[in-house]
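Dear colleague,

I am pleased to hand over the structure shown below. Please open it alongside the sequence, and then read on for an account of what was found.

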Amino acid sequence: MALPLRRSGESGVDLLRDNFRAAWSRSDEIFAILPNSELLAQPIVWRHPFIFYVGHLPAFSWNQICGGVLRWPSFNPYFDELFCRGIDPDVDTGECHWHPDVPERWPSLPETVYYRDKVRGAILDAVDALSYCRSDDVMAQGGRALLMVLEHEYMHHETLLYMMQQLSMRQKIRPRHPVRYSFQSMRVSEWLRIPKGRACLGANFDELSFGWDNEFEQTVVDVPSFTIESLPVTNGQFNEFVSSGAYDDARYWRPEDWRWKQLENKRHPTCWVEQTDGWFYRTMFDIFPLAQVASWPVYVSLAEARAYTAWRGKRLPSEAEYQRAAFYGPDERETQYPWGDDAPARQHGNFDFNSWSPTPVGSSPAGASRWGVHELVGNGWELTDSPFAPLPGFKTYMSSYPDYSKDFFDGKHFVVKGASWATDVGLLRPSFRNWYQAHYPYVFAKFRCVSKIN
């Protein structure tokens, strides 16, 4: 992640403070969607109630920067520990690793907000303190700890929003800004041939101002030729799969995916709602007939995406195939973004809260890759069928967060790439790797079909 460009006369310290204030402002805007009466709501059993996240974001910041790198004495050790980490769920076994134990009573909102604001003030002081810090800890160097905390805040914006999407409309407060939707018809999808060639996975440590441990070290792989759909699968296309009866046909599901589907009585994608008069789609703040959003990308779990591609006689891309389709082109030159090296802007895709909902697939042709593949970044994370695993040379370099990635190298988590509408622009680097379990159905994640060339 490169630091954003400075405005004239602005120092790096001032810029970091501005970035923190902007991230906190967005956090506050997202929490404002919830009435206080809903802060103990737990719409996803695998996640803590919302009040936990009010405290978690500042607790993580304190534990990593002030208490971690700078070794400042804590003003609330109990909150530092209580809010330090969420749940590590195993959705297949139903087991949750709670850290720490859930209290009998969560702290009140005023108590938690007081803690939050104290930490925020300390972080602004820490920005300046770290610029003078002389430490052998790599996280103290180059502002890495500060950038890590910023990215953590960005990622939780999205977590909070996909949790909130599971609430009923009466449990949420509509934001002050207008939520605009687009319903135009989709572009025509094409099959595009990507010739064999190389793809870089990850990055070299000295090339990024900050990267998570799973992004290092860079490795170059050879990718056989394949074909890929220029557009992701839409709600309309997935509805054909459901209405044909294939969604309920075990032939198209892997055995472990079918067992999950039967256990959960999963009958349709999570954002869909079946009513007596037909199918509907639940956005953050509105419900529309499914036919009205037929051109939007369908958001599903990896298990559901696997079943659909099997029904089509196709498959999902690997992480390496995604990288090659997204960041290379006919000239074999690697670029920072699918469209080239120009900084991300609104015309390049539906990310960074350009819209508070999906948009019709193919709505941002300026963001297409140089092969002609659309929205590999934006409008929904891209599911891959590659298990989340360490790259060659992986090491747990973040001294205060050594278990960030390694706990999830378990064969149950799979790489997702790209970005959704709720992904901050700061996360749009080629090496960034997100991951989820195959049976976790709440993420703003889309997919597309690929096929091997014989």
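**The sheet around β6**

In this predicted model, W191 has a bridge partner in β6, namely E229. That pair belongs to a contact between β3 and strand β6 (residues 226-229), which run antiparallel and are joined by four bridges. On to the next strand: β6 also pairs with β14, again in the antiparallel sense, over three bridges. Here I228 is the residue that stands opposite V450 of β14.

Taken together, these strands make an open sheet of three, in the order β3-β6-β14, with antiparallel pairing. The edges are held by β3 (191-194) and β14 (450-452); each has a single partner strand, so one side of each lacks a neighbour in the sheet. From one strand to the next, the twist averages 25 degrees.

Which way do the side chains of β6 point? F226 and I228 point one way, T227 and E229 point the other way, and all are buried.

**Helix α5**

At 1.5 Å a residue, its 21 residues should span 30 Å, and the C-alpha atoms at its ends are 30 Å apart, which agrees. Is this helix mostly covered or mostly uncovered? It is mostly covered, since 21 of the 21 residues of α5 are buried.

**Salt bridges**

Side chains of opposite charge can pair when their charged atoms come close. The structure holds 26 salt bridges, and three of them are described here.

R429 counts as buried at 6% relative accessibility, and E151 counts as buried at 0%.

Another joins D248 to K261, where the closest N and O atoms are 2.7 Å apart. D248 is in the loop between α6 and α7 (255-264), while K261 is in helix α7, 13 residues apart. At 36% relative accessibility D248 counts as partly exposed, whereas K261 is buried, with a relative accessible area of 2%.

A further salt bridge is formed by the side chains of D117 and R116, at 2.9 Å from N to O. D117 is partly exposed, with a relative accessible area of 39%; R116 is buried, with 16%. Both residues take part in a network of salt bridges that links D28, R116, D117 and R120.

**Aromatic residues**

How many aromatic pairs does a search of the whole structure find? The search finds 56. In one of them, the rings of F241 and Y308 have centres 5.6 Å apart and planes at 85 degrees, so the pair is edge-to-face. F241 lies in helix α6 and Y308 in helix α8 (residues 302-311), so the pair ties together parts that are 67 residues apart in sequence. F241 is buried, with a relative accessible area of 0%, and Y308 counts as buried at 2% relative accessibility.

A tilted pair is formed by Y299 and F444, with 5.7 Å from centre to centre and 40 degrees between the planes. Y299 lies in the loop between β9 and α8, and F444 in the loop between β12 and β13 (445-446), so this pair ties together parts that are 145 residues apart in sequence. Y299 is buried, with a relative accessible area of 4%, and F444 is buried, with 1%.

Finally, one aromatic cluster is formed by F60, F210, W212, F388, F394, Y401, Y404, F408, F409 and W435.

With kind regards

Conventions. Residues are numbered from 1 along each chain as its sequence is written. This is a predicted model: local features need pLDDT of at least 70, side-chain atom pairs count only at pLDDT 80 or more; totals for chains, interfaces and linings use all residues. Side-chain values use heavy atoms; hydrogens and water are left out. Two strands pair if DSSP finds at least two bridges between them. Helices (H or I, at least four residues) and strands (E, at least two) are DSSP runs, numbered from the N terminus. Axes are lines fitted to C-alpha atoms, for helices over the stretch in contact, and angles run from 0 to 180 degrees between N-to-C directions. Buried means under 20% relative accessible area, exposed over 50%, partly exposed in between (1.4 Å probe, protein chains only). The expected span of a helix is 1.5 Å times one less than its number of residues. A salt bridge is a side-chain nitrogen of Lys or Arg within 4 Å of a carboxyl oxygen of Asp or Glu. Rings of Phe, Tyr and Trp (its six-membered ring) pair if their centres lie within 6.5 Å; planes under 30 degrees apart count as stacked, over 60 as edge-to-face and the rest as tilted.
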